[in-house]
Amino acid sequence: MVRDDEAVPTIFEDPSFALSSTWRMSTSNCTNPALQGFAFGPVVTDGIGVGYTVDPDHMSFCTSAWRDAVASGDAPCPKEYNERVVSAIEAIADVLHAEGN
């Protein structure tokens with residue numbers, strides 16, 4: 001807190017501070033053998049939440065967003081996001097499994 005007789009530090013007046021203080025994508029890794037699944041919600045109304053696990057033989061993720069924000073176009077569509085993540089993972093797997101790698 002800044003007291004009444006103190007100046008606000010310049011970092012808090014920088015536009016990049018405001019941008020870095022809003023997390024449109026919030027993620028959480030909860031890899032744990034005791035969990036079979038979990039979800040993670042967005043922290044802002046126009047954002048997306050991604051919960052994921054990374055295990056030796058598979059990955060899983062759950063993506064969520066506020067329904068009204070998706071319908072209005074303010075938030076990303078979780079289904080489209082998931083499709084893009086799967087596509088990226090498959091492309092990486094293709095490179096890793098290519099002959100000679």
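Cysteine 62 has a relative accessible area of 29% and therefore counts as partly exposed. On this scale, buried means under 20% relative accessible area, exposed means over 50%, and partly exposed lies in between, with a 1.4 Å probe and protein chains only. Please note that this is a predicted model, in which local features need pLDDT of at least 70 and side-chain atom pairs count only at pLDDT 80 or more, while totals for chains, interfaces and linings use all residues. Residues are numbered from 1 along each chain as its sequence is written, and side-chain values use heavy atoms, with hydrogens and water left out.

Let me stay with the cysteines. How many disulfides does a search of the whole structure find? The search returns zero, where a disulfide is a pair of cysteine sulfur atoms within 2.5 Å. Cysteine 30 takes part in no disulfide, and the nearest cysteine sulfur, that of cysteine 62, is 12 Å away. Cysteine 30 is itself partly exposed, with a relative accessible area of 28%.

I turn now to the charged residues. The structure has three salt bridges, a salt bridge being a side-chain nitrogen of Lys or Arg within 4 Å of a carboxyl oxygen of Asp or Glu. Arginine 3 is bridged to aspartate 5, with the closest N and O atoms 3.8 Å apart. Arginine 3 also meets glutamate 6 in a salt bridge, at 3.2 Å from N to O. Together, Arg3, Asp5 and Glu6 form a linked network of salt bridges. Glutamate 6, by contrast, is partly exposed, at 36%.

Another salt bridge joins the side chains of arginine 24 and aspartate 46, at 3.5 Å from N to O. Which parts of the chain does this pair tie together? Arginine 24 sits in the loop between helix H1 (15–20) and strand S1 (25–29), and aspartate 46 in the loop between S1 and strand S2 (48–54), so the pair ties together parts that are 22 residues apart in sequence. Helices (H or I, at least four residues) and strands (E, at least two) are DSSP runs, numbered from the N terminus. Arginine 24 is partly exposed at 41% relative accessibility, and aspartate 46 is partly exposed at 26%.

Next, consider serine 26, which has its place in strand S1. Its relative accessibility is 9%, so serine 26 counts as buried. What surrounds serine 26? Leaving aside neighbours within four places in sequence, serine 26 is in contact with Phe40, Gly41, Pro42, Val43, Ile48, Gly49 and Val50, contact meaning heavy atoms within 4.5 Å. With one of these residues, glycine 41, there is a further detail: its backbone oxygen lies 3.2 Å from a polar atom of the serine 26 side chain.

Aspartate 57 gives another setting, in the loop between S2 and strand S3 (59–64). Aspartate 57 is exposed, with 68% relative accessibility. Its side chain is joined to that of histidine 58 by a polar contact of 2.8 Å. A polar contact is a pair of N or O atoms within 3.5 Å; within protein, one must be able to donate a hydrogen and the other to accept it, and residues adjacent in sequence count only if both atoms are side-chain atoms. Aspartate 57 and aspartate 46 are 11 residues apart along the chain, and their C-alpha atoms are separated by 33 Å.

The structure also holds one aromatic pair. The rings of phenylalanine 12 and phenylalanine 17 have centres 4.9 Å apart and planes at 90°, so the pair is edge-to-face. Phenylalanine 12 is partly exposed at 46%, and phenylalanine 17 is partly exposed at 32%.

Finally, valine 8 lies in the segment before H1 and is partly exposed, at 42% relative accessibility. Not counting residues up to four places away in sequence, valine 8 touches Val2 and Glu13. Valine 8 and alanine 71 are 63 residues apart in sequence and 39 Å apart in space, C-alpha to C-alpha.

Conventions: Rings of Phe, Tyr and Trp (its six-membered ring) pair if their centres lie within 6.5 Å; planes under 30 degrees apart count as stacked, over 60 as edge-to-face and the rest as tilted.
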